[in-house]
Amino acid sequence: MRTAAIDCGTNSIRLLIADVDDGAGLTDVVRLMRVVRLGEGVDATGELSEAALQRTFDAVDEYAALIKEHDAGRIRFVATSATRDAGNRDVFVSGVRDRLGVEPEVVSGGEEAELSFSGAASVLAGGNDAPVLVVDLGGGSTEFVVGTGSQVIAGRSMDMGCVRFTERFLRSDPPTDAEIAAAEEEIGRMIDEAHADVDLSSVHGIIGVAGSITTVTAHALKLPEYLPERIHGTELGLAEIDDAATSLLHLTRAERKALPYMHPGRVDVIGAGALIWRTVVRRVAEATEGRVQGAVASEHDILDGIALSAASRK
């Protein structure tokens with residue numbers, strides 16, 4: 001069955017057109033990302049701006065043409081953090097419906113977490129049912145999901161993401177020590193809050209998904225360009241993640257822009273993403289008393305989960 005999945009987050013909107021076989025495997029037909037910064041300013045104003053909406057609608061028009069061209073039989077459009085938070089989300093919903101012919105689903109943080117785990121779990125080795133933590137670090141929120149290869153055990157979505165924390169804390173170029181300290185304190189508080197629902201001490205590994213985490217991985221590997229096949233499944237130790245994240249955090253925007261694997265839409269927000277990822281990995285290592293000493297990056301994430309869920313719907 002050919003399905004089309006769209007994941008519309010705070011920073012980017014992504015399309016996956018894929019063929020889903022009976023064993024729930026995915027074969028990519030089209031996979032695209034456009035950075036539209038839908039959530040720009042939402043944390044401060046509570047509204048989606050006209051400019052951000054237009055950028056997003058332009059991408060939806062492009063995706064609608066590709067879905068028609070490739071004859072996808074089922075479409076699922078999922079919108080996440082920025083849209084959940086916006087007082088004028090009805091404008092967004094009607095605009096997408098008019099262009100795509102389907103109702104965009106503004107999913108809860110809990111469902112977002114489950115979809116993220118479903119997509120990321122494909123990187124797990126078969127036959128291993130030890131609980132792992134999937135961390136989906138987006139622009140407006142971060143999902144913490146503990147589960148095994150066969151089921152989700154617990155999940156929590158926190159309003160902590162690379163766009164939100166850049167706007168809220170890391171305003172200087174590069175960020176000052178005081179800005180970093182304030183952001184890190186809030187990240188730690190939010191991780192503690194998530195830990196109340198998601199037992200971080202129980203896990204035997206971490207899988208990280210989404211652009212901030214894969215970019216930190218690319219930086220650690222010193223890739224000559226962004227190479228998904230090199231990033232997917234790469235396991236880095238705690239020190240490697242720490243060093244790469246700290247480096248990105250302290251670079252200027254001009255220095256980040258010059259990196260060959262840096263997407264232009266991440267230049268100004270990767271510092272906050274790197275700081276969140278560094279702090280999460282450190283805290284899980286502490287919570288597990290050193291049992292977890294690193295993390296695996298996955299290129300499969302909520303987008304893959306949306307595609308799988310679209311195929312399974314009646």
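Buried means under 20% relative accessible area, exposed means over 50%, and partly exposed lies in between (1.4 Å probe, protein chains only). Keep those cut-offs in mind as you look around this structure.

This is a predicted model, in which local features need pLDDT of at least 70, side-chain atom pairs count only at pLDDT 80 or more, and totals for chains, interfaces and linings use all residues. Residues are numbered from 1 along each chain as its sequence is written, and side-chain values use heavy atoms, with hydrogens and water left out.

**The cysteines**

Let's begin with sulfur. A disulfide is a covalent bond between the sulfur atoms of two cysteines. Here the test is a pair of cysteine sulfur atoms within 2.5 Å. How many disulfides does a search of the whole structure find? The search finds zero. For cysteine 8, the closest cysteine sulfur belongs to cysteine 162 and is 14 Å away, which is too far for a bond. Cysteine 162 is likewise in no disulfide. Cysteine 8 counts as buried because its relative accessibility is 1%, and cysteine 162 is buried at 2%.

**A buried threonine**

Next, find threonine 3 in strand β1 (residues 2-8). Strands (E, at least two residues) and helices (H or I, at least four) are DSSP runs, numbered from the N terminus. Is threonine 3 buried or exposed? Its relative accessible area is 0%, so threonine 3 is buried. Contact means heavy atoms within 4.5 Å. Leaving out residues up to four places away in sequence, threonine 3 touches Leu16, Ile17, Ala18, Val20, Ala72, Arg74, Ala307, Ala310 and Ala311.

**Two helix pairs**

Now for some helices. Axes are lines fitted to C-alpha atoms, for helices over the stretch in contact, and angles run from 0 to 180 degrees between N-to-C directions. Angles under 35 degrees count as roughly parallel, over 145 as roughly antiparallel, 65 to 115 as roughly perpendicular and the rest as oblique.

| Helix pair | Axes come within | Crossing angle |
|---|---|---|
| α2 (residues 50-69) and α4 (residues 89-100) | 9 Å | roughly 25° |
| α7 (residues 177-195) and α12 (residues 270-287) | 10 Å | roughly 50° |

The crossing angle of roughly 25° makes α2 roughly parallel to α4. The angle of roughly 50° makes α7 oblique to α12. A crossing is right-handed if the near helix is turned clockwise from the far one by less than a right angle, and left-handed if anticlockwise. The crossing of α2 and α4 is right-handed, and α7 also passes α12 in a right-handed crossing.

Which residues meet? From α2, Leu53, Thr56, Phe57, Val60, Asp61, Ala64 and Ile67 face partners in α4, namely Val91, Phe92, Gly95, Val96, Arg99 and Leu100. This contact has nine nonpolar, two polar and two charged residues. Here Ala, Val, Leu, Ile, Met, Phe, Trp, Tyr, Cys and Pro count as nonpolar, Asp, Glu, Lys and Arg as charged, and the others, Gly among them, as polar. In the other pair, residues of α7 including Ile180, Glu184 and Asp192 meet residues of α12 including Leu275, Arg278 and Arg283. The classes there are seven nonpolar, two polar and five charged.

**Backbone details in loops**

A cis peptide bond joins aspartate 173 and proline 174, with omega about -5°. Proline 174 sits in the loop between α6 (162-168) and α7.

Aspartate 71, in the loop between α2 and β4 (74-79), has a positive phi near 55° without being a glycine. Aspartate 71 is exposed, at 61% relative accessible area. Glutamate 289, also not a glycine, has a positive phi of about 55°. Its loop runs between α12 and β11 (294-298), and glutamate 289 is exposed at 77%.
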